[in-house]
Amino acid sequence: MFVPCGDSAPDLAGCTLLMPAVSVGNVGQLAIDLIISTLNMCKIGYFYTDCLVPMVGNNPYATAEENSTELSTNAEVYALPSRKLVALQLRSIFIKYKSKPFCEKLLSWVKSSGCAKVVVLSSSHSYHRNDLQLRSTPFRYLLSPSMQTSVQNKMQSLNWEEMEKTACIPEIDESELCVRIPGGGITKTLYDEGCSKDVPVAVLLKFVSEGDNIPDALGLVEYLNEWLQIIKPCTSVFISYFGYDKLSHTQRRKTKQIYCCTAPEVGSPQRVAPG
Amino acid sequence: MKISFNDKSLQTTFEYPPESSLQEEEGEAEESEEEEQEEEEDEEEDEEGRRETPEDREVRRQLARKREVRLLRRQTKTSLEVSLLEKYPCSKFIIAIGNNAVAFVSSFIMNSGVWEEVGCAKLWNEWCRTTDTIHLSPTEAFCVFYHLKSNPSVLLCQCSCYVAEDQQFQWLEKVFGSCSRKNMQVTVLTCRHVTDYKTAESTSSLHTPFLKALKTQNFREPLCCSLLEQPNIVHDLPAAVLSYCQVWKIPAVLYLCYTDVMKLDLITVEAFKPVLSSRSLKGLVKNIPQSTEILKKLMTTNEIQSNIYT
């Protein structure tokens, strides 16, 4: 459920909700971080849910001593009222069997708060691409039916490529074609929910591999920007992002794991005596 | 197939689940793999969800019932009908999670006053295998709640079991309830292994054990140590408690001890000592030298002979 920071619920009618899917390379989450910090969006509330693994840390967008001590949780909502923009940042993974309930709760909140559309930033495994996809741009989009009528023409004018349908069961030639997003986390579920519940959902994704995915996130934000024109991506913001530049490559890879606190392995000694 | 990983010094037994329950717990084993595999797993899980039969749903329901968190009163052997804080209004709540934090609280706080047990949380997961009965034997009392007899609005929790991700929200509901609680302050104490600590500095300059703190927006008191720097995060039950407090605007602080010894260790426990000077704990601690003696005794009774030659 959405819990506002202040005493009253903010008015989100007509806003565009940007959100990540926890996906390969954490590209969606990195892209949302870039948007929130560059546009200096302010926190307006929390999405308090039992569907995500709990985690806390200090303010990742701190610019000064004063705001560095604010606590951040696993699902927070930020807003830029002047541009009618709302961003939901997800910082941890879903608890088993809870991803679908989360999508349902989220989209029902989107409907009740009157958001105009939801844009999901995501990624998919680059090694799953077929021959055609290997030769083309790594960016793809998907639109739910209620978005298609208003936005399809814009996508075509931008020469964007829609996510192709591939065989539902890859090994079988005669199997049906459907949209598959390997490594995309809840992207497909959100998209399907959006289609069935008539919520305007757009998915923007990039084919990526795990590694230092900041350039992928920058690319994804530029891709989004071609359409929504919200931001001028500034590399210097990322340089100071989480003190990222001060860490070695191995540490950077580990730092990305802050977004996905992996569930403990059964039998892992580290989890035995956590005190 | 049963593989046993018995290590008394870790004070817990690991077992891979028996064949018969592999159907239900397959999901948990899968979850321990890499992130990218997990996303794929999610997709497969969603497809399986669509093919789920009534039997699958029944198995999942039974597993959920087995993993339910229950609050009991051991004295009367009854369950608590309402959340703990609804039954026992609280102005100060101290939560010790993990064996070192529990030892600290036992020696320094609980020995400085008379505390009465008001409840006990019973839960089952792969690390904390309580038997499935309404009665809790003393060896299975991993999560016990007390209040101070002289001031019953001061509550204390000693939690030495691992509360799994899917149980943390339930634990919060059973303890805190689902409504916001003003006029209350929460202090959480726990440990993490120092290898979890991310810093740009050289690790040879880190002097373990050391304390770090995280606080919610409404917590106004001075801290006993420096704040946990980015990009470090906290998860598990301490994070669940702090998230709850942050969302519902309850003043709360987490004191996190980074140590290289995760088992019960005197130096690690003593690293929590700066916390005794905090406003919320100062009034609760009477005799520090005596508490230190009690702590030393606790250490020796818990020391297991680990010499393989005897």
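In the predicted model, the side chains of A:D50 and A:K105 meet in a salt bridge, with an N to O distance of 3.2 Å. A:D50 lies in the loop between β3 (42-47) and β4 (55-58) of chain A and A:K105 in helix α2 (residues 99-113) of chain A, so the pair ties together parts that are 55 residues apart in sequence. A:K105 counts as partly exposed, at 37% relative accessibility.

A salt bridge also joins the side chains of A:E76 and A:R91 (2.8 Å, N to O). Here strand β6 (residues 75-80) of chain A, which holds A:E76, is tied to the loop between β7 (85-90) and α2 of chain A, which holds A:R91; the parts are 15 residues apart in sequence. Both A:E76 and A:R91 are buried. In a further salt bridge, the closest N and O atoms of A:K100 and A:E193 are 3.7 Å apart. This pair links helix α2 of chain A with helix α5 (residues 187-196) of chain A, 93 residues apart. A:E193 is buried, with a relative accessible area of 6%, whereas A:K100 is partly exposed at 39%. A:K100 and A:E193 belong to a salt-bridge network with A:E104 and A:K197. Over all chains, the structure contains 18 salt bridges.

In chain B, nine strands form an open sheet of mixed pairing, in the order β4-β3-β6-β7-β8-β5-β9-β12-β10. Its edge strands are β4 (78-79) and β10 (210-215). Strands β5 (residues 92-97) and β8 (residues 151-159) of chain B pair in the parallel sense over six bridges, and B:A96 stands opposite B:Q158 in β8(B). Helix α6 (residues 165-176) of chain B runs at about 150° to β5(B).

Key. Residues are numbered from 1 along each chain as its sequence is written. Chains are lettered from A and ligands numbered from 1 in the order in which they are written. This is a predicted model: local features need pLDDT of at least 70, side-chain atom pairs count only at pLDDT 80 or more; totals for chains, interfaces and linings use all residues. Side-chain values use heavy atoms; hydrogens and water are left out. Two strands pair if DSSP finds at least two bridges between them. Helices (H or I, at least four residues) and strands (E, at least two) are DSSP runs, numbered from the N terminus. Contact means heavy atoms within 4.5 Å. Axes are lines fitted to C-alpha atoms, for helices over the stretch in contact, and angles run from 0 to 180 degrees between N-to-C directions. A salt bridge is a side-chain nitrogen of Lys or Arg within 4 Å of a carboxyl oxygen of Asp or Glu. Buried means under 20% relative accessible area, exposed over 50%, partly exposed in between (1.4 Å probe, protein chains only).
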